[in-house]
Amino acid sequence: MLAYILRRIMIMIPTLLGVTIIVFLMLHATPGDPAELLLGERATNESLEQMREHLGLNEPLYVQYGLFLSRLLKGDLGETIWTRQKVWIEIKHRFPATIELSLVALCISCFAGMLLGIISATKQYSIFDYVSMIGALAGVSMPIFWLGLVFMLIFSLNLGWLPLSGRLSIGVDLDVITNFYIVDAVITRNWPAFKDAVWHIIMPAVTLSTIPTAIVARMTRSAMLDVLRQDYIKTAKAKGLSQLQVIFKHALRNAMIPVVTTIGLQFGVLLGGAILTESIFAWPGVGKWMYDAVMQRDYMVIQGGTLFIASLFVVINLCVDVLYAVINPRISIQ
Amino acid sequence: MGNPKNPYDRHPFFEQISQLWRNKTAVAGLVIVTGFILMAIFAPFLSPHDPLATSLYDQIKPPVWHETGTWKNILGTDELGRDTLSRIIYGARVSLTVAIVSVGIAFTLGTLLGCISGYYKGFWDSLIMRIMDMILAFPYLLLAIVVVAFLGPSLKNAMMAIGITYVPRFARIVRGSVLEECEKDYVMAARAVGARDWRILFIGILPNCLGPLIVQTTLSMASAILDAAALSFLGLGAQPPTPEWGGMIARSRALILRASWVMTFPGIAILLAVLGFNLLGDGLRDALDPRLRD
């Protein structure tokens, strides 16, 4: 097992290097002087020259890439153009908001997706099955930025049930410890803030979970259908087990194996979708920060944020692969 | 010679077509997709107004079923008095163009790279597949957003960005099929009689991989429309005043309280178009991929 994990990590390294190469080359593919792009229009000649020196722009490309990589290894992602803050510190500051939103969305899509999938599979060709599978297909086809606006219009502007945007209402006090507001509220036993934070997260999380929910529902249904056809399910039924026991004790366990992988892969959808969702709901995470950066052409932020999200995605995929090997005794670790 | 032909013994192609025809989801998808294609082709004849014509007197008109709606603007107008229905009809042109061009880029590059990878194996295979892994290391939409952010926002760059991010899907499918086909006797026979590599690949092997490729193309068209709309929504795709569905939604955000219909219809158009391609893709998969057939 350990050897397998180590080998997977070894395979991950060239991929991560590839990510840095793509991000590095992107700046050079952009028309114009990289130093000027990174410093913005307000840069003085002196600071431009300094930046050129720093990036090694007068050196050949591979030397520049080496410099880029060595800065990365030191954790130096540069400074933002407009606010002159360290990119890395800005990411650390905003990341909990994104993870909080993504995790809640992931929980919603696991729960709702698997429930829909299981019921659809056990009642194949029923009305419920048809409706939920058409719903799932619509979910996969959904422009989530539009769905978010529709939710806003209905639940916030018309019905007034949920807050329009942001993470907390103005005037709600919360001692920030971990920067995960829901967790912070629980730690400090600040129940009004807890309720407020939960109320704020519902709409963006449901919006973000739309596509993953649909994918998980479709996957669960087909995996369950595969398993329910097997002989041992017939045996279990013949032995007189109740429907629920057959489904949850015997079928679901084996059907879970492909579903877990699918769920793990949804993290990528969530991280990418976060840019859309966060910018609609003014959710102060990495996604909205990158969207703002794209609007203001803060290339330092785009570069740093992209590197960070892509690396995170690679690491998560590695974890999913390892998890898959752990839960599936049939997979040969060769 | 010549036995009378058994009427039930049809060519596999016709067998697949009839499979497809019996599949309700595929037919539903086909109807929707055909509808959008016709809409795009005949946009000038179908749309009641010029999609770019602004009108001071017709700003933010509601749709016809609304109390104050009129038949002049069936789906109402936007903040500049442009007819929503006409803009949606012309928007089909933009969205389908984006889908065709970006999936075309991905299809061509992906098939070529997949062929090289699967046929020549060894060094080229490792190199190409590692590059594909790098592209796949970026989560959904992020790479496209970043590429357009660096190259500058325009529909052309958006199409290119989406195309690049879809290359690995095609390359992987083609590589897998080519690897499988290369083991078969006909490839060996073709090699034995001295056929050139490109001939074996494009005339011998590739037609046998068409099934999964067609399915992937259809499903990619769906996601390309969705991604292009998202990019335009973020201001990175089609630029105003181009009638593009995602861009229409972005500009209608300011009107969300006053005139929610301006935002509603382009969203429905995106949903329907993407749904159409997804239904068709699912149906094609059932019909063309015998391994998945019950």
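How many of the 11 residues of helix α12 (residues 286-296) of chain A are buried? Eight of them are, so the helix counts as mostly covered, where buried means that 20 or more other C-beta atoms, placed from the backbone, lie within 10 Å of the residue's own. This is a predicted model, in which local features need pLDDT of at least 70, side-chain atom pairs count only at pLDDT 80 or more, and totals for chains, interfaces and linings use all residues. Residues are numbered from 1 along each chain as its sequence is written, while chains are lettered from A and ligands numbered from 1 in the order in which they are written.

**Helix α12 of chain A**
- Helices here are DSSP runs (H or I, at least four residues), numbered from the N terminus.
- Among the buried residues of α12(A) are A:W289, A:M290 and A:Y291.
- Their cover includes α5 (87-122), α11 (243-281) and α13 (299-327) of chain A, together with α6 (142-151) of chain B.
- Just after α12(A), you will find A:R297 with a positive phi of about 55°.

**Where the chains meet**
- The contact (C-beta atoms, placed from the backbone, within 7 Å) takes 38 residues from chain A and 36 residues from chain B.
- On the side of chain B that touches chain A, α12(B) gives the most, with eight residues.

Note on methods:
Buried ≥ 20, exposed ≤ 12 C-beta atoms within 10 Å, placed from the backbone. Helix = DSSP H or I, 4+ residues; strand = E, 2+ residues; numbered from the N terminus. Contact = placed C-beta atoms within 7 Å.
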